[in-house]
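I opened this notebook to keep track of what I looked up, entry by entry. Each entry takes up one topic and stays with it.

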There are 4 protein chains.
Amino acid sequence: MNNDSRRARPVVLGQNQYGKAENRVVKITRDGDTHHIKDLNVSVALSGDLDDVHYSGSNANCLPTDTTKNTCFAFAKEYGIESAEQYGIHLARHFVDSQPSIHRARIRIEEYAWERITASDGNSQFIGADEVKHSFVRKGQETRVAQITYDGQNFEVLSGLKDLTVMNSTNSEFWGYIKDKYTTLKEDYDRILATSLSTWWRHNWTSDEQRMPNWEKSYEQAKKHILQAFVETYSLSLQQTLYQMGTRVLNNRGEIDEIRFSAPNKHHFRQDLSFCGLENEAKDGAVYYAADRPYGLIEATILREGTEARIPVDMTNL
Amino acid sequence: MNNDSRRARPVVLGQNQYGKAENRVVKITRDGDTHHIKDLNVSVALSGDLDDVHYSGSNANCLPTDTTKNTCFAFAKEYGIESAEQYGIHLARHFVDSQPSIHRARIRIEEYAWERITASDGNSQFIGADEVKHSFVRKGQETRVAQITYDGQNFEVLSGLKDLTVMNSTNSEFWGYIKDKYTTLKEDYDRILATSLSTWWRHNWTSDEQRMPNWEKSYEQAKKHILQAFVETYSLSLQQTLYQMGTRVLNNRGEIDEIRFSAPNKHHFRQDLSFCGLENEAKDGAVYYAADRPYGLIEATILREGTEARIPVDMTNL
Amino acid sequence: MNNDSRRARPVVLGQNQYGKAENRVVKITRDGDTHHIKDLNVSVALSGDLDDVHYSGSNANCLPTDTTKNTCFAFAKEYGIESAEQYGIHLARHFVDSQPSIHRARIRIEEYAWERITASDGNSQFIGADEVKHSFVRKGQETRVAQITYDGQNFEVLSGLKDLTVMNSTNSEFWGYIKDKYTTLKEDYDRILATSLSTWWRHNWTSDEQRMPNWEKSYEQAKKHILQAFVETYSLSLQQTLYQMGTRVLNNRGEIDEIRFSAPNKHHFRQDLSFCGLENEAKDGAVYYAADRPYGLIEATILREGTEARIPVDMTNL
Amino acid sequence: MNNDSRRARPVVLGQNQYGKAENRVVKITRDGDTHHIKDLNVSVALSGDLDDVHYSGSNANCLPTDTTKNTCFAFAKEYGIESAEQYGIHLARHFVDSQPSIHRARIRIEEYAWERITASDGNSQFIGADEVKHSFVRKGQETRVAQITYDGQNFEVLSGLKDLTVMNSTNSEFWGYIKDKYTTLKEDYDRILATSLSTWWRHNWTSDEQRMPNWEKSYEQAKKHILQAFVETYSLSLQQTLYQMGTRVLNNRGEIDEIRFSAPNKHHFRQDLSFCGLENEAKDGAVYYAADRPYGLIEATILREGTEARIPVDMTNL
């Protein structure tokens, strides 16, 4: 078929979705004088019977993105935010069940952690943490993420995190790889392994007929197993380290069936200081320069045998 | 099945890929005294027979990411960069065809445009563009993107752009939508429509047996049709505008079978100035505040009937 | 004096200022069917008789930052935005002249340029620019900046730009420098010179008794002279190029007395390709890698003899 | 004087400086199996007898920025990094004392904190912190900053931090302010006070004749006093809170004479939910939306009576 005949073929609408993205919902809960924070960034994406919005601009089936925003805030007040996942389930169900034209809702959430202010030196002169009831400092480490999708029948709940930057300053090697005419890399038997983890995992909970996981505990435990695998793995490749992380999570958390990692290899190159007569060996404690770009990017899915991989490759790609 | 029995099930490796990301390759071509620039950001992702890298850390099948970086630079010198697509095809083919363990290569490229320095006022006292042979200013408008995937048999070539920010200061309305108990939005018969376009389109060229498109011309024309549809569409919804853009591209460019848009609705809200007695109607020329977050996010695929949608939903999502 | 006696000395309030930062003011002007845009980011900083706000939290002398925001929007409507400088003069004068407790106002503005959509290939089938009356694309090149300060008697007007990225792909050398024991750099007789200019210049207009410059024309001309000096200078150091730029502006624009540049040397390093037997000489057209960090940072003030340097060193530092 | 006569006046070089910015120096120290990290971003700026570099491009007096980079890495190896300040003092002294043409050196440093990986739930099954000897997670809270300037005779040492985001969810009011015709803000007797602190403080140590402060302890204590003042201050204005922070630091740390704050008021607006019949009062625990722009920006210097304010106004401005 040549291009002219192709041009004659009709054009159709494919997958489409819309909604309000990045609603910055902050909920303070007061328990007497003691306050608690939930600090979320909530994005709504709705799909359904929306062809006319595209074809003619008729909005008769369109719930405005502004309304989806209002709903995010109203639900935080009306039902509270027990966890990002629970809140997202509530929202997704509402959009599909209340609007005939909406057949699928996807809620994506980022959660920012805050902790009570305490003295970093544990100085007892400082107001104790038990007395600091409404003063917080943003934790600033990883961002927790969640994605809840509902199609009117089943849910899919993904949880995860991004920007958790970790480093092993030893116990990492890289050697025995393919050498071709473009290879200049030297083998290394004692290198720094550092990465900024981005990861999503999929829960096997899909409907109210199952017992719902404790989302907060599940997150804490999954993160703990990822970190512990990072600590314990003597690494011959970043791929090996990721596989150990994923295996450890799945072996310990029955509620999770699949996990995907995207891990930039944040290169720390040993600086050559021979120009001024200095040795700079890893074994003696070395000076490294932390490079920005380019970086190795390692991505992998680990899943329970017999289950379907459902986390999109492009979801952790960026 | 309960969680304990799940935990007993073996864990397996799913989709995985690796490579060097964000190689900043700049190629100067000298045509006598006249220079030309290609300024690319190149990311390599390879897949194949890589289980052992994950399971045991054996790198026997692993071409180092550092080598993929070296190859990007060497190919730019050896073969030049005719277009991002042509260069990516060359690289993808090389990785798969030269390494038995590599079965699939994906090259992602961002391209930054430069233009020759000229006087913005067209002042003839200024050195004319024809005399400015090696002085450039970065254009700073959209970033052009391309993705080339090769599996040893066929290619898939996506082209596109991101961060092309456009505005219609009138000829946009939004009304007739669903109202529920959470709806507060007022209908608007003369609003600003602004968005920062991110779009990918898929070429139907897949192998050397077909005539290869002129990638540079194809990009220019696709962009032109997107802009022209934006100019010409009297818009009742951003979805309608995107659909017009996509339809126009497919109707005019036979080499393209599918296009996907991700378009944040960059809200410009008319500022209420009644507090100080000022009217602020669109028809008189109004003052708006440009909001950051939240924003409507509209995404859609438009494709030729009978073809398979292959651009991932999550590719334009972020 | 030891530290204990120091601790006994009273503590006092020094320089302080406050206001609403980053008000995103967009003004559409309609001239029949033809629309014009001014797209500004306006920051207000007020100083004056504000000790009690700090000492006791009494806000009796404090005009709320929210009010300064409202004023920015109201003035855009009431008086229009002829230029960023003119608008800032208007605002600064208002805050000081209308509030007895405010003795100094500083208005900082970023301006984003938009241009009418036209076909990039000059294709006449495309709707002509003269017919495109309300469709714009963000230019995305440099950001124009202005700062207006008023103390009740005199104005100080700084104008400038940031993020104007320019490159000379030849006619740049670097050699003849100091060599010490830490020096490894090779001399280079044909290198790329690229920088992302940030610059502020100071007008000698300070009060209504002088004829006010044409701010729009002054900006265009200053930018033109900076670019032309960049094109024309055969460079032996980036410092030399900056000095030529500054000199050219001052020699041609009598309304400007001082200019300061901050110019990161955006290194483009010639990639060594000897590992695979390729030469990569500048004279043949070479492949470079564009480095992110570290970068040389060159900063300089050029001013008219006998005038006082008033642009802060730290203003262009970041 | 008219502009033509101004143009006739000679142009001269004013303040100038140069050096390599953003050297990412990472030093691992091994104490047996236990490793320690210092992770710095180091920027060098040198001034001196550099007129010819600007006038003619002669680099005879110019130590290349590349050499300043090499020196940063070599010094980290040769002398270690006891603290950012100590390391910066060493570098600044070296550049001025070793190069006749360099009369002043300014070293700016950002420091990123890492902590040993531990289980966030204190689970004892997790490898104990005392056993985790070379595994780290980036802390991700504030960035510590330092600036050391040396002119051949005296040092000036500034320390500080940025991006420390804190929130009081109550004990903040704002009322009693000026109302003019542009004022619409409602008084608030129970609001959230949140800010992202950027602050610099100046030590009174200036030469080896004085006892050098313990820079690490000084930093920890200054930060502690800032946080404690934030916790303890019942706030009627953000200015009052900053003044309390500054006063507390100066009253408790004799080695510090001056401190400057730049504090964006990170607005958390109570969402009006009356549209769906919900009350949303602060006293009941409310839902807020966290706004991006615009934001109040409050800046102030607090200093010891009789000392000279030396921290530039523009240093914390951006």
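**Entry 1: a strand position**

I began with A:Asn265, which lies in strand β10 of chain A, residues 256-265; helices (H or I, at least four residues) and strands (E, at least two) are DSSP runs, numbered from the N terminus. I noted that this is a predicted model, in which local features need pLDDT of at least 70 and side-chain atom pairs count only at pLDDT 80 or more, while totals for chains, interfaces and linings use all residues. Residues are numbered from 1 along each chain as its sequence is written, chains are lettered from A and ligands numbered from 1 in the order in which they are written, and side-chain values use heavy atoms, with hydrogens and water left out.

Is A:Asn265 buried or exposed? I found that A:Asn265 counts as buried because its relative accessibility is 8%, where buried means under 20% relative accessible area, exposed over 50% and partly exposed in between, with a 1.4 Å probe and protein chains only. Not counting residues up to four places away in sequence, A:Asn265 touches A:Arg191, A:Ala194, A:Leu238, A:Tyr295 and A:Gly296, contact meaning heavy atoms within 4.5 Å.

**Entry 2: the annotated positions**

I then turned to the UniProt record, an unreviewed entry, which lists A:Thr65, A:Asp66, A:Phe174, A:Arg191, A:Gln239 and A:Asn265 under "binding site". These positions span 201 residues in sequence and the farthest two C-alpha atoms are 51.6 Å apart, so they do not all gather at one spot. I kept in mind that UniProt positions are given in the numbering used here, that feature names are shortened, and that annotations may be inferred rather than shown by experiment.

I looked up A:Asp66 next and found this residue in helix α3 of chain A, residues 65-79, where A:Asp66 counts as buried at 11% relative accessibility. Leaving out residues up to four places away in sequence, A:Asp66 touches A:Lys20 and, across in chain B, B:Thr184 and B:Leu185. A:Thr65 also has its place in helix α3 and counts as buried, at 13%. Apart from neighbours within four places in sequence, A:Thr65 is in contact with A:Tyr18, A:Gly19, A:Lys20 and B:Gly296.

**Entry 3: where the two chains meet**

How many residues of chain A are in contact with chain B? I recorded 92 residues of chain A in contact with 92 residues of chain B. The two chains bury about 8,100 Å² between them, 51% of it on carbon and sulfur atoms, buried area being the accessible area (1.4 Å probe) that two parts lose on being put together, summed over both. A:Val11, A:Ile178 and A:Tyr182 supply 9% of the area that chain A buries against chain B, more than any other three residues.

I also noted 4 salt bridges between chain A and chain B, a salt bridge being a side-chain nitrogen of Lys or Arg within 4 Å of a carboxyl oxygen of Asp or Glu. A:Asp314 forms a salt bridge with B:Arg108, with the closest N and O atoms 2.7 Å apart. Strand β1 of chain A, residues 11-21, gives the largest share of the side of chain A that touches chain B, 11 residues.
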